[in-house]
Amino acid sequence: IPPGKGISVMRVRFCWKTRKADTVRRIMDKFRIHGMSVNHESTASVDDDGLDLLKECERLGYIEIREVFNIQ
């Protein structure tokens, strides 16, 4: 990493659109997500590559991204 260039870490809040248990489990394992609210929302900490993968999950209809904010 070049001097002055840190890794951008973001917190992403999203809503689950799929109810397929296997799909939910695989996404939760991939992004180390540990829970889901009663409103079917989860939060993940991701870098730029992880955000791109979550956007792909959204494009496929598995989730709906609600909020993205930088934490570093």
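Predicted model: local features only at pLDDT ≥ 70, side-chain atom pairs only at ≥ 80, totals over all residues.

Residues are numbered from 1 along each chain as its sequence is written, and side-chain values use heavy atoms, with hydrogens and water left out.

Q: Why is the pair of Phe14 and Trp16 called edge-to-face?
A: Rings of Phe, Tyr and Trp (its six-membered ring) pair if their centres lie within 6.5 Å, and planes under 30 degrees apart count as stacked, over 60 as edge-to-face and the rest as tilted. The centres of Phe14 and Trp16 are 5.2 Å apart and their planes stand at 70°, so the pair is edge-to-face.

Q: What makes Phe14 count as buried?
A: Buried means under 20% relative accessible area, exposed over 50% and partly exposed in between (1.4 Å probe, protein chains only). Phe14 has a relative accessible area of 0%, and is therefore buried.

Q: Why is Glu67 called partly exposed?
A: Its relative accessibility is 34%, so Glu67 counts as partly exposed.

Q: How do you know that Glu67 and Arg13 meet in a salt bridge?
A: The term requires a side-chain nitrogen of Lys or Arg within 4 Å of a carboxyl oxygen of Asp or Glu. For the side chains of Glu67 and Arg13 the N to O value is 3.2 Å, and they meet in a salt bridge. This pair links distant parts of the chain, 54 residues apart, with Glu67 in strand E3 and Arg13 in strand E1.

Conventions
Helix = DSSP H or I, 4+ residues; strand = E, 2+ residues; numbered from the N terminus.
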